[in-house]
Amino acid sequence: MDAKHTNRTHARQSTNVDDTLSLNPVFVRPGEATELPKFRLPDGPSLPETAYQIVHDEAMLDGNSRLNLATFVTTWMDDEARTLYAEAADKNMVDKDEYPATAAIEDRCWRILADLWNAPDPSDTIGTSAIGSSEACMLGGLALKRLWQQRRRAEGTSTESPNLVMSSAVQVVWEKFCNYWDVEARYIPVNEDHLVLDGHDLAQYVDENTIGVVAILGQTFTGLYDPVGDIARALDEIQASTGLDVRIHVDGASGAMVAPFCQPDLVWDFQVERVNSISTSGHKYGLVYPGVGWVVWRSTSVLPESLVFHVSYLGGDMPTLALNFSRPGAQVLLQYYQFLRLGREGYRQVQQNSLDVAQYLSDGIAEMGPFDLVSRGDTIPVFAWVLKDAETRMWSLYDLADRLRMKGWLVPAYPMADDLSDVVLQRIVVKVGLSRDLASSLLADIRGEVQFLESLTTPLPREAGGSHFHH
């Protein structure tokens with residue numbers, strides 16, 4: 001038996017007691033099997049009611065998504081949105097020739113975002129939907145790399161060894177981008193004096209091979225914004241002294257759908273001349289169920305034509321700008337639904353309510369003796385805290401996360417990035433489904449569990465290995 005097969009078998013054995021599903025006789029119909037295999041296709045069909053009940057019962061073991069305060073992803077939409085979702089579940093976004101109305105709505109959506117983000121010339125901008133903000137980031141990064149390559153070739157210089165500069169607190173998609181597309185990742189470490197990428201020491205990382213700088217509008221660790229204007233001013237100084245013209249991609253996975261409504265005076269978008277492209281997640285604070293992201297470029301000139309494919313498909317010419325091919329069209333329609341349903345004022349009200357709930361929670365946690373806030377939830381509705389005197393206590397934030405999980409709350413604890421990797425944070429993401437009443441219940445549960453943990457005279461047993469939470 002080879003090692004790969006051994007590992008696969010071990011993984012199967014560690015998560016399942018046996019290889020069969022024993023069916024409840026209450027819902028098994030006459031003539032149907034009472035046991036089904038877990039890891040191979042059954043020999044025959046089952047009635048749809050039976051198959052539904054099996055999957056439904058298995059999925060009950062998942063956490064309640066409304067109580068998942070780890071995820072940024074939208075977990076609630078209204079009844080009309082769910083109806084629209086069901087009606088459009090069969091639409092493939094890539095089939096623009098077959099679904100021209102959906103394609104036209106996709107075009108409207110990214111143009112709405114271009115206007116929201118202050119694109120200088122709405123008639124000379126370009127964008128696309130994506131499967132999520134990760135694909136949108138990949139496309140923004142690829143455009144920066146291709147522009148750098150074009151410029152270097154025009155100068156007659158080498159296109160080897162491109163690099164991308166970013167904070168060490170970026171989301172993992174940027175590590176993937178650099179790995180997959182052969183770009184050196186240059187991480188500027190976060191530390192106690194610089195919790196975000198603010199232009200400090202930027203000149204030490206930028207050189208002639210730098211394809212761009214990534215600014216994060218809403219770190220996943222803390223919710224804090226990288227100050228895009230400060231980064232741009234640092235790049236202006238670098239250009240003045242070296243001649244290097246380095247551009248910015250704003251990873252606005254969360255903040256690009258909060259800042260325009262709730263921090264309208266913040267200058268972070270295409271008003272900053274060095275910003276070439278902006279990406280966001282429609283399924284985070286865009287308020288759509290999982291499966292859609294967006295990326296918009298300042299102008300058509302900063303999106304190389306070589307990244308646009310023209311495919312003859314199903315009888316028509318289909319320009320496509322994506323890493324994926326087939327992908328859901330329903331979420332694009334849901335995004336347009338939310339744009340129509342809410343408008344600017346509706347988005348402001350929804351996001352401001354989430355910000356208010358986040359700050360209500362952060363104020364309540366700050367009042368508890370053991371905690372210090374790292375952020376307050378006044379940028380995006382996300383905040384984090386640390387445990388005071390953690391090394392002298394009988395418990396850790398991992399213990400608090402475990403205790404809250406027993407109550408149904410998913411409130412992750414995890415180490416910070418890089419130079420602060422010895423600092424453990426706990427974080428709450430507030431979304432539209434978390435009401436003030438639910439937040440009050442959460443605070444009551446946190447107080448109760450803290451009271452229990454503070455009463456310990458010996459540490460709780462804990463498996464080695466630290467956090468299993470991933471951003």
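The model is predicted, so local features need pLDDT of at least 70 and side-chain atom pairs count only at pLDDT 80 or more, while totals for chains, interfaces and linings use all residues. Residues are numbered from 1 along each chain as its sequence is written, and side-chain values use heavy atoms, with hydrogens and water left out. Helices (H or I, at least four residues) and strands (E, at least two) are DSSP runs, numbered from the N terminus.

**The seven-strand sheet**

- Let's begin with the open sheet of seven strands, which has mixed pairing and the order β3-β9-β8-β7-β6-β4-β5; two strands pair if DSSP finds at least two bridges between them.
- At its edges stand β3 and β5 (184-188), each pairing on one side only.
- From one strand to the next, the twist averages 20°; axes are lines fitted to C-alpha atoms, for helices over the stretch in contact, and angles run from 0 to 180 degrees between N-to-C directions.
- Helix α7 (residues 228-242) packs on this sheet and touches β6 (210-216), β7 (248-251) and β8 (275-281), where contact means heavy atoms within 4.5 Å.
- The direction of α7 makes about 165° with that of β7.
- Five bridges link β4 (residues 163-167) to β5 in the parallel sense, and Met 166 stands opposite Tyr 187 in β5.

**The four-strand sheet**

- A further open sheet has four strands in the order β12-β13-β15-β14, with antiparallel pairing.
- Its edges are β12 (371-373) and β14 (413-415); each has a single partner strand, so one side of each lacks a neighbour in the sheet.
- Here the twist averages 40° from one strand to the next.
- Strands β14 and β15 (residues 424-429) run antiparallel and are joined by three bridges, with Pro 415 opposite Val 424 in β15.

**Helix α4**

- With 17 residues, α4 reaches 24 Å from its first C-alpha to its last, close to the 24 Å expected at 1.5 Å a residue; the expected span is 1.5 Å times one less than the number of residues.
- The buried residues of α4 include Ile 105, Cys 109, Trp 110 and Leu 113; buried means under 20% relative accessible area, exposed over 50% and partly exposed in between (1.4 Å probe, protein chains only).
- Among the elements covering the buried residues of α4 are β3, α8 (259-262), β9 (293-297) and α9 (330-366).
- After α4 comes Asn 118, which has a positive phi near 60°.

**Asp 124 and its partners**

- Asp 124 lies in the loop between α4 (100-116) and β3 (126-130), and its relative accessibility of 28% makes it partly exposed.
- Leaving aside neighbours within four places in sequence, Asp 124 is in contact with Arg 298, Ser 299 and Thr 300.
- Arg 298 is 174 residues from Asp 124 in sequence, yet their C-alpha atoms are 8.0 Å apart in space.

**Cysteines**

- Searching the whole structure finds zero disulfides, a disulfide being a pair of cysteine sulfur atoms within 2.5 Å.
- For Cys 109, the nearest cysteine sulfur is that of Cys 137, 19 Å away; Cys 109 is buried, at 0% relative accessible area.
- Cys 262 is also buried, at 17%, and its sulfur is 20 Å from the closest cysteine sulfur, in Cys 109, too far for a bond.
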